[in-house]
Amino acid sequence: MIRLPWPAVHWPTVRARPRADAGPLLLTAVVVAVVVLFAGAVPPLMRATADQAVRDAVRQAAEDATVRVHARWEPDDGPYGGRVRDPYLAETVSDLRGMAGDELDPDLRAVLRPPIATVTSSTLKITDGGIQRTFQLGYLGNDPAAGGGPGVTWLAGGAPRPAVPEAESRIEVPYGAPPWPVQVGLAKPVADTLNLGPGDRIPLVDQRRRTKHVVVSGVFAPTDRDDPAWRLAPWLLEPVAGVDGVGSTRFAGLLSADSLPDARLAFADEELDRTVWFALDPEVLTRDSAESVAANVVALKAASASSGVRDSSLRWETRLDAVLRDVRTRIAAANAQASVLLVGVLTVAILVLLLAADLLVRRRAMALTAARQRGATLPDLATELLVESVALALLAGAAGLGLVVAVASGISWRWAAPVILAAAVATPVLGTLTAARATRDRRVPANRTARRWVRRTGQLRRATLEVAVLAGAVAAFTTLHQRGILPPASTAPTGPGPGEDGGATLPASAPALGALVGALLLLRLLPLGTGLVLRRSLRSRRPLAVFGAARAAVTSARVLPVLVLVTSVALASFAFTLRATAVQGLAEGAWRTVGADARLDVNLADAAATTALAERVAAAPGVRQVVTAQVTDNARLVADSTLVTPRLVIVDARAFARLLAATPLPDGPQFDRLAVTGGAGGAVPALVRSADGGLRPGTRLELRRADGPAVQLAVVGTAPPVGDADDVVVVDAAAVAAAGVPVVPNTVWVTGPGAGRAVADRTLGADVLDREEVLAQRRTAPLSLGLLRLWWASITMLLAMGLLGLALGAAASAAQRWQTLTRLRTLGLRPVDARRVAVGELLPPVLVAAVGGPLLGVLLAALTLGPLALRLLTGQAVDPTAVLPWWQLGVLAVAPLAAVVVVVRVELAARRHRRLGEVLRAGEG
Amino acid sequence: MSTVPLLSVRGVERRFGVGPTAVHALRDVSFDVQGGTMVALVGRSGSGKTTLLNVVGGLDRPDAGTVVVDGTDVTALDEDGLSRLRRATVGYVFQTFGLIPVLSAAENVGAPLRLARTPAAERERRVELLLELVGLADHAQQRPAELSGGQQQRVAIARALAASPRLLIADEPTGQLDAETGLSVMSLLRGVVESEGVTVLVATHDPVMMALAERVIRIQDGRLDAEPAGSAPG
Ligand SMILES: Nc1ncnc2c1ncn2[C@@H]1O[C@H](COP(=O)(O)OP(=O)(O)OP(=O)(O)O)[C@@H](O)[C@H]1O
Ligand SMILES: [Mg+2]
C-alpha cells in the first residue's frame, strides 16, 4: 500500500496569517454573511408571500372561490297524482350539507368553512310600475338550530308562517290548482322601496306570466349584516340593480323553515334551486394546500360532470380552481422574478469573492513563494489555505444563516451553498496556482517562442471561458424565449419556490449570463480604448494625461474588477428597469380598473337619483370631470345571429371622449361617429372592441330587451378598452334614448385632484372605487409588495457589491499606483495632480461600467421583458414595454464615478503619514 | 573662486520617533558644496546618509536647521514649492532606480520634461540626446522590466538630468549593480559633472566613487566627521 504523505500544515502560519490580512478576510466574511442571509432568506420569504397571495386571492374572489353543489329535488309525487307538502323540507335541505360534505376529500374539507344551504326561486317579475323590477324568493340555511337562517329582528309583522295548519302539514295538492300561497319576510329597504307591509300580497308573475301568490309576513332587519350567508343573496337585504339585465333591479323575500315547504309547492322542481355553499377559509390555505385543493376541486367537478346525466344526486360547481390557477400563475411569475434577482446577486457575489481572494493571494504572493522555496509542497500550502478559508466560510455562512432564522421561517440551502462554497475554495485555488506559478522556473521565459506560447495558452484559456459563458447565455436566452419563465404547467402547476426547480434556473439566469457576456465584451473592447487614449495622451498637450493613461492601460487589463463592476451595474439597472416597468404597470392597471380618478357604482335603479348624485359630486372642489354611464356586463346582444355578451357602455360619447383624453387611458378617437343618429336605417351607431375579433366594424348587432322590441346597432368603428372586459360595445346615450330605450346610469366616473375626496362621502349610497386606493391596495398586495421590496434589496446588494468590487480592484492595484505616483512626486508632480492622475488611472473601467452598465441593463430588460411575464403581476392586459427609470439609472452611472474619487481620497489618507523621503529607501508604495 | 555655494546646509537636526526609542539620525549637520563639483557622502550603514540626502533634496523636513539650494531655502518651502524645486532644481537617482514600470525608457526620461511642460519637439530632442549620453539610444522603447539593472540605472540618471537640475542627488546608485556596471555608471556620473556642469551629491560605500569625487564627506551616527585637510574645496 502506498501511503500518501499527509499534508504538512504549518499551524503557526495558519494562525498568524488571518491577523496580517484581517481586512480582506473580514470583508470576505461580511460578503458571505450578507449574501447568505439574502440567498437563504428570500426563498422562504417568497414562500410565505405566496401563502399570503393565495389567501388574498381567495378572499378577493369571494363568491367565485366558494364551492357550490346543486342537488335536484327528491320527487314529491303523492298517491293521488298531486304533490305532497313536506313539512320537514328545511331539515332535508340542511341534511344535504352533511351529505355534500361527506363527498369532499378531507384535504379539501379542511380548508372549507361550515357549509350554508340555500334555496332560491327563479326570478319573478313585479307587475307594478314601469321600471323593470324582478323578485326572488330565498331561503338561507346555515344554522338550523336558530330556525334556519341567519338572525333577523322583525320590525313589523313576524316570521313567515306555514300556509296550512299543523294538522294539514302533509297535504297533497293536485296539479293545476291555483297558485299556492307562500309567506316571505322583506328587509326594510326592500319593503320601503316596494311600499309593502305585513299582510300585503306582492304582485308577481313568473317568466311565463303565471301569477304567484306571495304574501309579506313581516319586515326585518338583519342581526348581523356581515353574516356570510347574506353574501350569497345580498338582494335579500336591499334592492340590487343590474343583476337581471340592463336597467333591472332585483328584490327578494326571505323564506323561513316554515314557509319553505310552501315555496316548494308554489314552484316547479326546476324553478327552485337547492344549493350548498362551501366558503373557503383563506386563513388555513397555503400555497401547498392550494395545490391539493385545486386538484381535488378539478376531480370533483369532473366526476359530477360525468355522473350528472345518469343520476340526479349532486352537481358541483366552483370557479375556485380557476381562481387558484390564476394566483398560482402569478406566484410562479413572482418566483421567477425572484429567481432572476437571486441568480444576479449570486453571480456578482461570487465574482466579488473571487476578487477578494485574488487580492488576498496578491498580498500573500511573496510569502507563498518563499514558503514554496523553503520546501513546502503545493498540497501543504493548499491545505493551509483551505483550513483558513473553510473556517472563514463556515463561520460567516453560519452567521448569515443564523440571521435568516431570525427573519424568515426556514432556510434555503440551495442558494446559500454556492456562496459558502465559493468563499471556501477561491483563495486555496488561486493561492495554490500562484505558488505553483512562482516556482515554475522563471515567470517570463527568456525564449521568445516560449514566451509567445505562454501568452497563447493564456489567451486560449480566456477565450474558452468566454465561449463557455456565451454558450450558457445563448442556452438560457433560448430556453427563456421558447418556454417562458413560468415552469411548464404539466409538471409543476404552482411553480416551485424561487429556484427550487432545477429546470427554471437556466432561463432565470439569462439576465445574469447576459450581463456577464456584455461585461466580457466590454472587457475585450476596453484595452482598445485605453490603448487609443494612451497613444493620444502621448501626443497630448496635457502633461499629466500620459501617466494616468499608462497606468490605466495596466489596471484596466485586470479582468475581475471590471467584470464585477459592469455586471453589477448592468444587473442593478436591469432590476431598476423591471421595477419601474412594474410600478408603471400597476398604475396603468389601476387606471384601467377604475377608468378615472374615482368611480361610483350606483345601485339605484333611478336615473334621476344618479344624475343628482353626479351633480353633487361635480360640485365638490377639485373635481374636473364627471361622466355618468350605464355599464352592463354580459349584456345580451346578437351579432350576426350568434349571442355575444360584451360589456355594454351607454354613455354621453362626447363627455366620455373628453374624459379619456384627460386620463392616461387609451383615447377613443372615433367617438364622434357615435353622435350621428338615425344612420343606417335608424340603427344606433356603436363602437366595438373584442379580444377574439368576433365584433368588427360592419357587424350587425341587435340589443335584446326583455320589455320592448330589440334595438338595432350599427358598428361604425373601434371602441377603446373599457375596464378589464374582453369585449366592449360603446353607444351614445342620446342615440339609445332616441331609439326608445330608457337609460339608467349606474356608473359615475370622476376625474380631478379632488375626485377621491368628493366620492369619499359614504352617504352617496354607491360603491366607491378610488384609483389611489386601488393602486395602493395593489402595490401592497402580497406578491407586488414582496417583489417591490426584493427589487430594492437586490439593487442595494448589487450596487454595494459593485462598489466593493471597485474598492477591492483599486486596493489590488494601489501599491503599484502609489509607487508610480510617489516616483512621479520625486520628479516634481504636485500632490493635487497626483490625485488627478490616480483618478484618471481608475476611471476607464468605471466609465465603461457607468456608460455600458445601464445600457446593458436596459437592453437585457428589453430582451427579457416579454418572457418574464410582468403583466401577470401588474394586472395589465398585455406585456408592458420597458419603462426607463432615468434618475435611478443616472444614480447607477454616477455612483461608481463618485466612488473613484472617494477611493482615491481614502488611499491618499492611508498614505498621508508616509514621507516621500522613504521612497529613497528600498520599500516604496 | 566665487564663494556663493550651490548647497548650504546649516545646523540640520533630524530625529525619528519620540521618547527612549527615538533615533537621532542627524545631529547639527552643516556643510557647503560648491557648484559643478561631485561630493561623495560616506558612512557606515545607518549612519544617516539617506536621511541627509532626503533633507537636502526636500523629500524630508529637518527638525531644525536650514538647507539652501541654489539660493532657495528648501526648509521654508511649502508642498507646491517643493514640487517646483524637484521639477527644476534637483534631480534624484535612487539605489532602486525608481523608474516608472509602465513607461518606456524614453518616456521615463521625458517625464520630468512633461511635468515642466516643455514643448514636445524640444522634449523629444532632449530625450534623444540624454539617451545618447547614457548610451541607450537603441533601447528607447523598452520598458524598465526589459532592461538590465545597469541600463535601468543609466535611464534613471538620464531622467534625473532631463530637466537640467543644478543639483543631482544620488543615493548609492551602484548599490545594486555588479562592479563593472557600477563603474560605468560612476564614470557616467563623473562625466555629466563635466559635461552638464551639474553638482552631484552621492552617498556611496564604493572607494572608486570616492576616488572620482572632488571631495568626501564622512558621516557617523548622524554627525559629520572633520574633513581631512587638503580635501576641502579650494
Ligand atoms: N522613518 C524612520 N523611522 C525611524 N527611524 C529611521 C527612519 N528612517 C531612518 N531611521 C533611522 O535613522 C538612522 C539613519 O538611517 P539612514 O537610512 O539615513 O542610514 P544610511 O546611512 O542611509 O544607511 P544605509 O547605508 O544602510 O543606507 C538609522 O538608525 C535608521 O534606523
Ligand atoms: Mg541609505
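Q: How many residue pairs are in polar contact across the interface of chain B and chain A?
A: The model is predicted, and the pairs counted here have both residues at pLDDT 80 or more. Under that rule, the number of residue pairs in polar contact between chain B and chain A is four.

Q: Which elements of chain B give two or more residues to the side that touches chain A?
A: The side of chain B that touches chain A draws on one strand and on helices. The elements giving two or more residues are strand S1 (7-16), helix H1 (49-57), helix H2 (79-88) and helix H3 (105-115) of chain B.

Q: Which three residues supply more of the area that chain B buries against chain A than any other three?
A: Chain B and chain A bury about 2700 Å² between them, with 62% of that area on carbon and sulfur atoms. Of the part that chain B buries, 22% comes from B:Val102, B:Arg114 and B:Leu115.

Q: What is the bridge partner of B:Val93 in strand S7 of chain B?
A: B:Val93 belongs to strand S6 (residues 90-93) of chain B, where B:Val93 and B:Gly91 are buried on one side and B:Val90 and B:Tyr92 on the other. Four bridges join S6(B) in parallel to strand S7 (residues 167-171) of chain B. The partner of B:Val93 there is B:Ala170.

Key
Residues numbered from 1 in each chain as written. Chains lettered and ligands numbered in written order. Predicted model: local features only at pLDDT ≥ 70, side-chain atom pairs only at ≥ 80, totals over all residues. Heavy atoms only, no water. Buried area = accessible area lost by both parts, 1.4 Å probe. Polar contact = N/O pair within 3.5 Å; in protein donor to acceptor, adjacent residues only side chain to side chain. Buried < 20%, exposed > 50% of the residue type's maximum accessible area, 1.4 Å probe, protein only. Pairing = 2+ DSSP bridges.
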